[in-house]
Amino acid sequence: MTIARNTICLWYDRDAEAAALFYAATFPDSAVTAVRRAPSDYPSGKAGDVLTVEFTVLGIPCIGLNGGPAFKQSEAFSFQIATDDQAETDRYWNAIIGNGGQASACGWCKDRWGLSWQITPRTLIEATAAGGAEAKRAFDAMMEMTKIDVAAIDAARRG
């Protein structure tokens with residue numbers, strides 16, 4: 001058994017396994033690698049309940065902890081998914097929103113478990129990295145969007 005040196009731990013009320021299965025089915029290079037059950041009762045569950053789920057999201061190791069209702073997800077943590085084109089942007093956005101998620105602004109959305117995602121086309125990342133007028137035009141265009149429109153970002157980049 002290899003244990004990752006650094007792993008993202010995500011707190012869920014009780015649905016870590018369902019969330020991990022959804023991520024594994026939605027994103028490439030993602031998988032559920034282990035489901036661990038509680039060896040005894042704990043504050044928000046009983047012996048035998050799913051306690052942790054080990055999984056990867058686009059190759060990043062994560063642990064989902066069924067810790068109960070004490071803590072909620074917030075926008076202070078999000079996964080940023082760099083997409084290559086509008087079709088990939090649409091696919092991930094629609095998967096998250098269509099599975100009980102919620103749209104936000106500027107390419108952000110939440111999944112049904114409250115975890116935040118930034119579905120960000122590479123063209124937007126490249127535009128902001130370019131700096132100057134190109135970055136400002138792309139940034140200003142993005143500020144008006146919910147889901148990112150690749151064609152509109154590309155047009156803004158060109159001026």
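**Exercise 1.** Determine which parts of the chain the salt bridge between Lys147 and Asp90 ties together.

*Solution.* Step 1: the side chains of Lys147 and Asp90 meet in a salt bridge at 2.9 Å, N to O; the term denotes a side-chain nitrogen of Lys or Arg within 4 Å of a carboxyl oxygen of Asp or Glu. Step 2: Lys147 lies in the loop between α4 (132-142) and α5 (150-158), and Asp90 in helix α2 (residues 86-98), so the pair ties together parts 57 residues apart in sequence. Helices (H or I, at least four residues) and strands (E, at least two) are DSSP runs, numbered from the N terminus. Step 3: Lys147 is partly exposed at 29% relative accessible area, and Asp90 is partly exposed at 22%. Here buried means under 20% relative accessible area, exposed over 50%, and partly exposed in between, with a 1.4 Å probe and protein chains only.

The model is predicted: local features need pLDDT of at least 70 and side-chain atom pairs count only at pLDDT 80 or more, whereas totals for chains, interfaces and linings use all residues. Residues are numbered from 1 along each chain as its sequence is written, and side-chain values use heavy atoms, without hydrogens and water.

**Exercise 2.** Locate the partners of the salt bridge between Arg157 and Glu126, and name the network to which they belong.

*Solution.* Step 1: the N to O distance between the side chains of Arg157 and Glu126 is 3.4 Å. Step 2: Arg157 is in helix α5 and Glu126 in helix α3 (residues 122-130), 31 residues apart. Step 3: the relative accessible area is 23% for Arg157, which is partly exposed, and 45% for Glu126, also partly exposed. Step 4: salt bridges link Glu126, Glu134 and Arg157 in a network.

**Exercise 3.** Trace Lys110 from its salt bridge to its place in a sheet.

*Solution.* Step 1: Lys110 forms a salt bridge with Glu75 at 2.8 Å, N to O. Step 2: Glu75 lies in the loop between β4 and β5 (78-83) and Lys110 in strand β7 (residues 108-110), so the pair ties together parts 35 residues apart in sequence. Step 3: Gln102 stands opposite Lys110 in β7; β6 and β7 pair in the antiparallel sense over two bridges, where pairing requires at least two bridges found by DSSP. Step 4: the open sheet has four strands in the order β5-β8-β7-β6, with mixed pairing. β5 and β6 (102-103) each have a single partner strand, so one side of each is left without a neighbour in the sheet. Step 5: α2 packs on the sheet, touching β5, β6, β7 and β8 (116-121); contact means heavy atoms within 4.5 Å.

**Exercise 4.** What is the strand order of the open sheet that contains β1, and which helix packs on that sheet?

*Solution.* Step 1: the order of the four strands is β1-β4-β3-β2, with mixed pairing. Step 2: β1 (8-12) and β2 (31-37) stand at the edges, because each has a single partner strand. Step 3: β1 and β4 (residues 60-66) pair in the parallel sense over five bridges, and the bridge partner of Tyr12 in β4 is Asn66. Step 4: helix α1 (residues 16-26) packs on this sheet, touching β1, β2, β3 (50-57) and β4, and its direction makes about 15 degrees with that of β3. Axes are lines fitted to C-alpha atoms, for helices over the stretch in contact, and angles run from 0 to 180 degrees between N-to-C directions.
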